[in-house]
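Keep the picture open as you read.

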Protein chains: 2
Amino acid sequence: MTSKELFENIKKKKSFLCVGLDTDIAKIPRFLLDTTDPVFAFNKQIIDATNDLTIAYKPNLAFYESLGVNGWNSLEKTVNYIKYKYPDIFIIADAKRGDIGNTSAMYAKAFFDHMEFDAVTVAPYMGEDSVKPFMTYVDKWVILLALTSNKGAADFQYMTQDGERLFEKVIKTSKEWGTTDSLMYVVGATKAEMLGDIRKIIPEHFLLVPGVGAQGGSLREVAENGMNDQCGLLVNSSRGIIYAGDGEDFAAKARNSALEVQKEMEELLVARGLL
Amino acid sequence: MTSKELFENIKKKKSFLCVGLDTDIAKIPRFLLDTTDPVFAFNKQIIDATNDLTIAYKPNLAFYESLGVNGWNSLEKTVNYIKYKYPDIFIIADAKRGDIGNTSAMYAKAFFDHMEFDAVTVAPYMGEDSVKPFMTYVDKWVILLALTSNKGAADFQYMTQDGERLFEKVIKTSKEWGTTDSLMYVVGATKAEMLGDIRKIIPEHFLLVPGVGAQGGSLREVAENGMNDQCGLLVNSSRGIIYAGDGEDFAAKARNSALEVQKEMEELLVARGLL
C-alpha cells in the first residue's frame, strides 16, 4: 500500500485510527474461553465490529508469543482474516525487531513472506544494516521507533550531541534509507509537544502514534502538532477500544469506543481542511 | 543459573563457547528435509554432538519465526530437548525484544514461562521500563545490547554526550537495574578494542560476545580485553560451527569446529590462570 492509498482510505473512512490487537487471554470475555481458539474468536469479532472505522490493525507480537505455538497460530489466522475479508486495511506487525543483516532478513521473511503484514515496527539501535533488509519488499513498510510513549524513553532517546537528540538523529539518518512510501516513524502521543520538532525534519512521512487512551496522550494535541496535508498520522488505540466491554456485547462496546475516536478524528480532519 | 554456576561450568568444560542455533532451512543438509521436522532434527544432532564443549546455546528467534507456526514448534522442541537432556546448559533466546512495560512482561512470559529459556537478549532503546519486566523472574537473565558487532553499530551507538558514548551510557545507566546475576551485555567481537573501555564500567558482569568467526572477530583479542577472574565471557559462534559440513556427517564436522574453538578457549583460560 502506498502513502497515497493510505490517505485515500483515511478520507473514505474519515478516520486515521489504528486498532492495536494486544489480545491478552487473561483479559478477554470469559465465555470465549470455551471456543477452540479464544484469541482468534476475540479478534474476529473486534475486527468485524470496527473495520469500517479503522485504517489499520496492529497486533502486538508479544501477546501472541506468550501463548507459544497456539498464539502464533491465532496470529496467522488473524492476519489472514483481515487480509482476505478487508483487503483495504493496513496490517502492522508491532514486533520492534532489529538484528544484524542476515537475521533481519529472516524477520522480514517472517512478516512479509510467511505472513502478509504490510508493515513491521523496527528498533533503530543496531543501525542501517539492521533496518534495510525490511525495505527490500515492494509495497511493504518499516515503522522505525523514534520517540516512544513510555517513561523509559527519557533514558536514552533524549541523549544530545551538537544540539541534536538521539531520536532526531535516528530520524535524520534513517530518512535516507527509504522513502515516504516505505518508511514511517513511531512517535508517542505522550510526547505531542515534540511532534512539531519532528515535523521540521520529516514534514511528509507518516507517523504511527501510540499512547492515546490508556497511556494518557491527547488526540487533539497530536493532530495539532503532527497532522500534515496527507493527514500523515495513524493514531493507535489498543486497550481503550478492545477492552471497552467484557460481556457478550464486548464487540459492540468496542465499536462504540472506536466510533467515539473516529468522530473526533473526523472533526480534526475537517478542521484541517482534509475532508 | 547464577554467574557462579556459569563459571563452574566454564571450568568443568574448559570452554566459554555459546553455539548460535541460527538454523536456516535453506542451509541445512538436504537429506534432513525428508524428516517431519527438519529444523529440530538438525538442532538435535548439533546439540548431541557439541553439548560437552559448550556452555550455552542461543537460538536466534528470527530463523524460527520465518517458518511461522512450524518454526515456533521446532523452537519449543529444541528448548525442551536441551533443558531436559542437558540441564547444565544455559539457553539464550536471541530475540532482541523490548517494548512498553506491560508488553515486555508478555515477552518475558513467552520466553521464561511458556518456554524455559534462561536468558533473553533485549534492545535498550526504550529504556528502563522496557527492560525491567524481564528481571522479575528468579534465576533468569536479561542480556542487553550494548555495542553490537555489525557495521550499523556506528550509526547511533557511538553518539557522544559529555565524553560518553551511547553504548557506555546504556551500560552505566542499566547496570543499576539488575545485578551481576541477572544482567549481561552484548558486546561484539568485532569491537574488541572497546572491551577495555567497557570493562572499566562493568568489571564483573558477564558479556555475550557475538561476531567471532563468520563476522571476523578475534577470540584472542576478545579474551585479552574482556576476560575477568570469573571468565566473564560467553563467546558465540553460529555459522562457523553449525554449517561446518553439509553432508550426512554434518554433526561430526560441527563437533570438530566446536572442538577447535574449545581448544583455543582452554588455552586462553589457562593463560589467564583460571584453569
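## Contacts along the chain

In chain A, 71% of the contacts with a separation of 6 or more join residues 24 or more positions apart; two residues are in contact if their C-beta atoms, placed from the backbone, lie within 7 Å.

This is a predicted model, where local features need pLDDT of at least 70 and side-chain atom pairs count only at pLDDT 80 or more, while totals for chains, interfaces and linings use all residues. Residues are numbered from 1 along each chain as its sequence is written, and chains are lettered from A and ligands numbered from 1 in the order in which they are written.

## The overall build

Chain A has 12 helices and 10 strands (DSSP runs, H or I of at least four residues for helices and E of at least two for strands, numbered from the N terminus). Of its 275 residues, 56% count as buried, meaning that 20 or more other C-beta atoms, placed from the backbone, lie within 10 Å of a residue's own; exposed means 12 or fewer, and partly exposed is in between.

## A closer look at helix H4

Which residues of H4(A) are buried? They are A:Gly71, A:Trp72, A:Ser74, A:Leu75, A:Thr78, A:Val79 and A:Ile82.
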